[in-house]
Amino acid sequence: MRLGDLMAGRATTVNPARFMDEDFELYSIPAFDRGAPETVPGSQIGSSKQLVQAGDVLLSKIVPHIRRAWVVGPDRGLRKLASSEWIVFRSDAVDPGYLRHLLVGDEFHASFMNTVAGVGGSLMRARPAFVAEIRMAIPSMDGQRRVAGVLDRVEALRARRREARGLLHELADSVYLEMFGSPAEPGGRWPTAPVGSLARVIRGASPRPAGDPRYFGGTIPWLKISDVTAARGKTVEHVRETVTEAGRAKSVYLERGTLILTNSATVGIPKFLGVGSCIHDGFLAFLDLSDRVLAEYLYSFFRIMRPHLSRLAPEGTQKNLNTPIVKAIEVPLPPVELQREFKRRMAAVEELEATVGRGGVVLDEMFGALRQRAFRGEL
């Protein structure tokens, strides 16, 4: 079928400012990323929106490499609005659940990316007129519903795995708080010492100019903030970019196992290096730790304190948690033996996380294989 035949006709738009006291159900791109539509009064919606209805399928045309497709939920007595960044599909010829899976599948996505124009980032957009000309094989309605049901069940299992990982993260924090109390509360139960007295704190350095082939594109891992935010556990195992030996000389190289902390942009994320890497000036590293503190304890301290660390960072073009601020942070110091007991408990939690993570990888692979078979008509 030609996808244009599944698209809604000319959109009916609503100016919410004319209905200031009416509550609307708003399907925006940020709401999608948060996982649910928002209930918003007209007075808080800044521009006209397109009116959508239950069962419509929305496909994001902005930042198209991120796969966003959404089925508009059932009626709740509120008018439903969608931002202009959605392409709206509405047809009795297709099951909404099936179409959503199709629109995030690999085959469609490859064609979808060929409809894109723009200069990059948030300025990249798919062009609806070109999307309308994409043709996809659509099975019978019974076949669509069967495929959607299978994929929905696997997707639900993947969501439960992600929830389990989130709960295990909460468990790790809960164990710390139970054993040591909140480090942010004044008058805690343990003596304290500044970070600068417990470790040698150094800041990374960046070769300049950025992208210079003399420094970049070698064989030595070059850690970026995106590598840290993408790492699921406490260790960064995958580093995507590299520097040359000349780049290493102008940066800071750290051995595997070093504790680091993001100090700019996304502030206050602690991680351990899974591979020896060079770090730029968006990171601090903690070397030569005192025998009064274990690295695993200091890592968890930073995790618990992250909201506080973000508040400590001075505002500027972007937040920056500079070295003197971090060196002055007071760390509660329970007995080292108690820190070792905490480390043992954390090892058990991490083993559970690893088991859940391995199961998640299997489910992701299964889901991808099932989706490919489904849209080849083999499911």
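A search of the whole structure finds 15 aromatic pairs, a pair being rings of Phe, Tyr and Trp (its six-membered ring) with centres within 6.5 Å; planes under 30 degrees apart count as stacked, over 60 as edge-to-face and the rest as tilted. The centres of the Trp-70 and Trp-86 rings are 5.9 Å apart and the planes stand at 50 degrees, so this pair is tilted. Because Trp-70 belongs to strand β6 (residues 69-71) and Trp-86 to strand β8 (residues 86-89), the pair ties together parts 16 residues apart in sequence; strands are DSSP runs of E, at least two residues, and helices runs of H or I, at least four, numbered from the N terminus. Both Trp-70 and Trp-86 are buried, that is, under 20% relative accessible area with a 1.4 Å probe, protein chains only. Together with Tyr-27 and Phe-32, Trp-70 and Trp-86 form one aromatic cluster.

The model is predicted: local features need pLDDT of at least 70 and side-chain atom pairs pLDDT 80 or more, while totals for chains, interfaces and linings use all residues. Residues are numbered from 1 along each chain as its sequence is written, and side-chain values use heavy atoms, without hydrogens and water.

Let us turn to the cores. Which residues touch the most other members of the largest nonpolar core? They are Val-195, Phe-286, Phe-301, Phe-302 and Val-331, out of 38 residues; such a core joins buried Ala, Val, Leu, Ile, Met, Phe, Trp, Tyr and Cys residues through side-chain atoms within 4.5 Å. Helix α9 gives the largest share of this core, eight residues.

Conventions: Buried means under 20% relative accessible area, exposed over 50%, partly exposed in between (1.4 Å probe, protein chains only).
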